[in-house]
Amino acid sequence: MDQRNINIQTGNFKGFDFDYARERIKKAMDEKGCTQRDLESALNISQSNISKGLSGSSFFSLDNFFRICDYLDLSMDEISGLSKKSKK
């Protein structure tokens, strides 16, 4: 199966907190003044898919997830909460 078509379900997958990741993406968008339409234009991801991913009604495909993180300059430590946990 092509990994770009795998959708991650909400919840916690082997310690990865998808709710935290979703909130971190939203925060990075706010910090950069980036809208859902900006992501749609830059990454060729439908605004509907972005909206659903950010609202929690679904999650991004792995490919789109990594593309969004790259576009927003988010490291995996930041998006997973590892940088937050290591500061404790």
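## Packing of α2 and α3

Helix α2 (residues 36-43) and helix α3 (residues 47-55) have axes that come within 9 Å and cross at roughly 125°. The axes are lines fitted to C-alpha atoms over the stretch in contact, and angles run from 0 to 180 degrees between N-to-C directions. α2 passes α3 in a right-handed crossing.

On the α2 side, the contact (heavy atoms within 4.5 Å) is made by Q36, R37, L39 and E40, and on the α3 side by Q47, I50, S51 and L54. By class, this contact of α2 with α3 comprises three nonpolar, three polar and two charged residues.

## Basis of the model

The model is predicted: local features need pLDDT of at least 70, side-chain atom pairs count only at pLDDT 80 or more, and totals for chains, interfaces and linings use all residues. Residues are numbered from 1 along each chain as its sequence is written, and side-chain values use heavy atoms, with hydrogens and water left out.

## The chain as a whole

The protein chain contains six helices and two strands, which are DSSP runs (helices H or I, at least four residues; strands E, at least two). From the N terminus on, the order is β-β-α-α-α-α-α-α.

Of the 88 residues in the protein chain, 32% are buried, that is, under 20% relative accessible area with a 1.4 Å probe. Among contacts with a separation of 6 or more, 61% join residues 24 or more positions apart.

Key:
A crossing is left-handed if the near helix is turned anticlockwise from the far one by less than a right angle, and right-handed if clockwise. Ala, Val, Leu, Ile, Met, Phe, Trp, Tyr, Cys and Pro count as nonpolar, Asp, Glu, Lys and Arg as charged, and the others, Gly among them, as polar. Buried means under 20% relative accessible area, exposed over 50%, partly exposed in between (1.4 Å probe, protein chains only).
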